[in-house]
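These are my notebook entries on a single protein chain. I set down below what I looked up, entry by entry.

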Amino acid sequence: MSPRSSVVLVLVVVFSLFITAHCKFPTLDHLKPKASEKAQGRAVVELLKRLLGNRSTEFIVSVNRNLSNDSLDVCELRSTKNNKIVATGSTGVAVASGIYNYLKYFCNCHVSWSGDQLDLPRPLPRLTGVLRISTQHRFRYYQNVCTFSYSSVWWDWPRWEREIDWMALNGINLPLAFTGQEALWQEVYRALGLNQSEIEEFFSGPAFLAWNRMGNMFKFGGPLPQSWHINQLYLQFKILERMRSFGMIPVLPAFSGNIPKGILRLYPAANVTRLGPWAKFNCSFSCSYILDPRDPLFLQIGSLYLSQVVKQFGTDHIYNTDTFNEMTPPSSDPTYLSAVSRSVFASMTAVDPQAIWLMQGWLFFSDAAFWKPAQIQALLHGVPLGRMIVLDLFAETEPIFSYTESFYGQPFIWCMLHNFGGNSGFFGTVESINSGPFKALHFPNSTLVGLGITPEGIEQNPVMYELMSELAWRKEPVNLSKWVSLYAIRRYGSTQENLSIAWGLLFSSVYNCTVPHYRNHNHSPLVRRPSFHMNSGLWYDPADLYKAWKLIIETAPSLMSKETFRYDLVDVTRQALQVLTTYFYQDVADAFQNQKLPELLTVGGVLVYDLLPELNRLLNSDRNFLLGTWLEQARSLALDEKEAQLYEMNARNQLTLWGPSGEILDYASKEWGGLMEDYYAQRWGLFVQTLVECLDSGRPFKQDAFNQAVFQVEKGFIYNGRKYPTKPQGDTYTIAHRIFLKYYPQALKRL
């Protein structure tokens, strides 16, 4: 090699390292807001009207994309002489999040899934000089493909509108927009020649569509009514219009290779693999058919579908699809894996030459035995560098970027997954999320292009989502104890020291899980099928929880008018009773093992006839913890009683059996009023009763026989036809205080 050519080679290498290190992927520059600056400004004005009513006129809003010179969002705020706030931002999202920052830190206001605290000072607090808020992160991503089933499946437009407002306030500019895609698939399948029954055999019911889309399962909970398609399509048009009006960049669906069986009738020579069973499902609902991406038919179907997507939904040039989600590829040959990703990407670029593929990195974690460095690199490098963005989906606990040299040069987004199945229960990894994004930013040759929030289910632990979204606008980690103290003040609009102390205790214990590889499925015996092998471990000292509980109870009388406070009073009491249930379970087990019938009757009786009914009453007293609301939302989407029953079965099954026979039993558990009484408490009642009968008759306890009996209870709940309250019942404070007086002394005895 000549000296000159070696110099050129070195320069090329240095330049490519520079590009990688500085994350300036020239291929991502076209991902930008579609709405005009005026339209984005109008969207923020309308948001403020919805949020603040006539006080919204005290904010003067404008969007000027030239405020940012490098595609990173910026907002500048200043006060006028007559006490108005002028907010100018590079996008609508930047302005909305800048104003929310002002509302939080200057007005002590708060917006959350569980209520708002918007006691605005009059006049608005003055800013001295210019308050400039900026982010180091090009993208702030939101949602998980599962969220559409676990949380938003039954939403109407007002609920979606509220969520998109929340996204804008929290700086989200890259949201997943997966609603309504089955309507387009139906058109594509019809165009290919499938008949209606073949299509109906394929789609799952509404509550299970996330896994139908990923090729894990089909048919169960279906068939999807035509009215479902029309309703979801209508919603998607409104969702996209609103997201884009704020300057967001919605992520649309693309083809992964998952096909209905009917395709084989039309194309018998197609290269199709039938996968093995998923989870514990048998092949009547799983063992999906996957079309090999290298087959020409893949390009045909993929481009047919994406052209429908672009025609109906417009495009912002970024698409999500996941090959091999929780499924092992048929070959580990790197050449094969590169060919797969190359072909998937080709089906996108055939329709949209500017396409960017957004891929969940979950597969590298969930099937780590298969995805070794060579396999990961092969899959990632089948797509040109910068044309794929990988979601490091569970980065707070299982970061992938750190052992893949920053995804071998592909841009990635550092995500907090946090929640599985939309489970209730306090949980957080505050130290990890406070430091993780900054470690990723300063990682050698980092290709980080954003931060993400990717829970399987939402409407729980709002504090974690406020912290995570705020970190995208911070230059360094926050002081956690100071941050949470201010959080308590704005969440309740109260400076009572007890509340800040309570939240400090929660943040340093239950919200700071440091157990390596811990996955936040609610393992509590309360929401699991009873047995003698239940998980009773905790990652925190319950003494801290009880201290916080006491402080919150003591502060309660003066704050019961605040919805945010009532929610937290229910939530902290619920958490305390969840821990106490574990103690009662251990007592029940000990009494049985030691053959002490009187003790078994006493502790079992308290659990089944007092603690669980009290918990049910507590949950029924707050609108955010009602089973009835979930069921009513499901039924409200139906055109007739037959559809209503189908939707209700979907809604009940997902929370409990998760499959016809409990295939993924209790994965999506919820501690809700109604569900506590007719599902969890019924199981515990049967367990205690069975143990009493065993001791009485001298027979051993047989888990298999109990499982068969309790399955009838579980299935019975799905079809009990009972209507549950959709409005709160009883006084939250009276119930919570009574529970505290009864159970706090017992809780202390256990420490």
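**Entry 1: helix 16**

I began with helix 16, residues 430-441, in what is a predicted model. I noted 12 residues and a reach of 18 Å from the first C-alpha to the last, close to the 16 Å expected at 1.5 Å a residue. I then looked up which of its residues are buried: Val430, Ile433, Asn434, Gly436, Pro437, Phe438 and Ala440.

**Entry 2: annotated domains**

I consulted the UniProt record next. An unreviewed entry there places "domain: Alpha-N-acetylglucosaminidase N-terminal" at residues 43-125. Over residues 43-125 I recorded 31% helix and 27% strand, with the end C-alpha atoms 24 Å apart. The feature "domain: Alpha-N-acetylglucosaminidase tim-barrel", also from an unreviewed UniProt entry, is placed at residues 140-475. For residues 140-475 I recorded 41% helix and 12% strand, and the end C-alpha atoms lie 15 Å apart.

I examined an open sheet of three strands, whose order is 10-12-11 and whose pairing is antiparallel. Why is one side of strand 10 and of strand 11 left without a neighbour in the sheet? Strand 10 (258-259) and strand 11 (272-274) stand at the edges and each has a single partner strand, so one side of each has no neighbour there. Between strand 11 and strand 12 (residues 289-291), which run antiparallel, I noted three bridges. In strand 12, Leu291 is the bridge partner of Val272.

**Entry 3: strand 14**

I turned to strand 14 (residues 356-360) and found it mostly covered, with five of its five residues buried. As background, side chains in a regular strand alternate between the two faces of the sheet. In strand 14, Ile356, Leu358 and Gln360 point one way, Trp357 and Met359 point the other way, and all are buried. Strand 14 pairs in the parallel sense with strand 13 (residues 318-320) over three bridges. I traced Tyr319 to its bridge partner in strand 14, which is Trp357.

**Entry 4: aromatic rings**

I took the count of aromatic pairs, which comes to 69.

The charged end of Arg490 sits over the ring of Trp483, at 5.3 Å from its centre. The charged end of Arg574 sits over the ring of Phe426, at 5.5 Å from its centre.

I located Leu627 in helix 23 (residues 627-636). Leu627 has a relative accessible area of 0% and is buried. Setting aside neighbours within four places in sequence, I found Leu627 in contact with Leu655, Trp672, Gly673, Gly674, Leu675, Phe717 and Tyr724. Leu627 and Leu569 are 58 residues apart along the chain, and 19 Å separates their C-alpha atoms.

Leu646 is in helix 24 (residues 641-655). Is Leu646 buried or exposed? Its relative accessibility is 17%, so I counted Leu646 as buried, the cut-off being under 20%. Not counting residues up to four places away in sequence, Leu646 touches Gly221, Gly222, Pro223 and Pro225. Leu646 and Arg635, 11 residues apart in sequence, are 8.5 Å apart from C-alpha to C-alpha.

I found Thr656 in the loop between helix 24 and helix 25 (675-697). Thr656 counts as buried, at 0% relative accessibility. Which residues does Thr656 touch, not counting those up to four places away in sequence? I listed Ile664, Leu665, Asp666, Leu675, Tyr679, Phe717 and Ile718.

How values were computed
Residues numbered from 1 in each chain as written. Predicted model: local features only at pLDDT ≥ 70, side-chain atom pairs only at ≥ 80, totals over all residues. Heavy atoms only, no water. Helix = DSSP H or I, 4+ residues; strand = E, 2+ residues; numbered from the N terminus. Expected span 1.5 Å × (residues − 1). Buried < 20%, exposed > 50% of the residue type's maximum accessible area, 1.4 Å probe, protein only. UniProt positions renumbered as here; feature names shortened; annotations may be inferred. Pairing = 2+ DSSP bridges. Phe/Tyr/Trp six-rings, centres within 6.5 Å; stacked < 30°, edge-to-face > 60°. Lys NZ or Arg CZ within 6 Å of the ring centre and 35° of its normal. Contact = heavy atoms within 4.5 Å.
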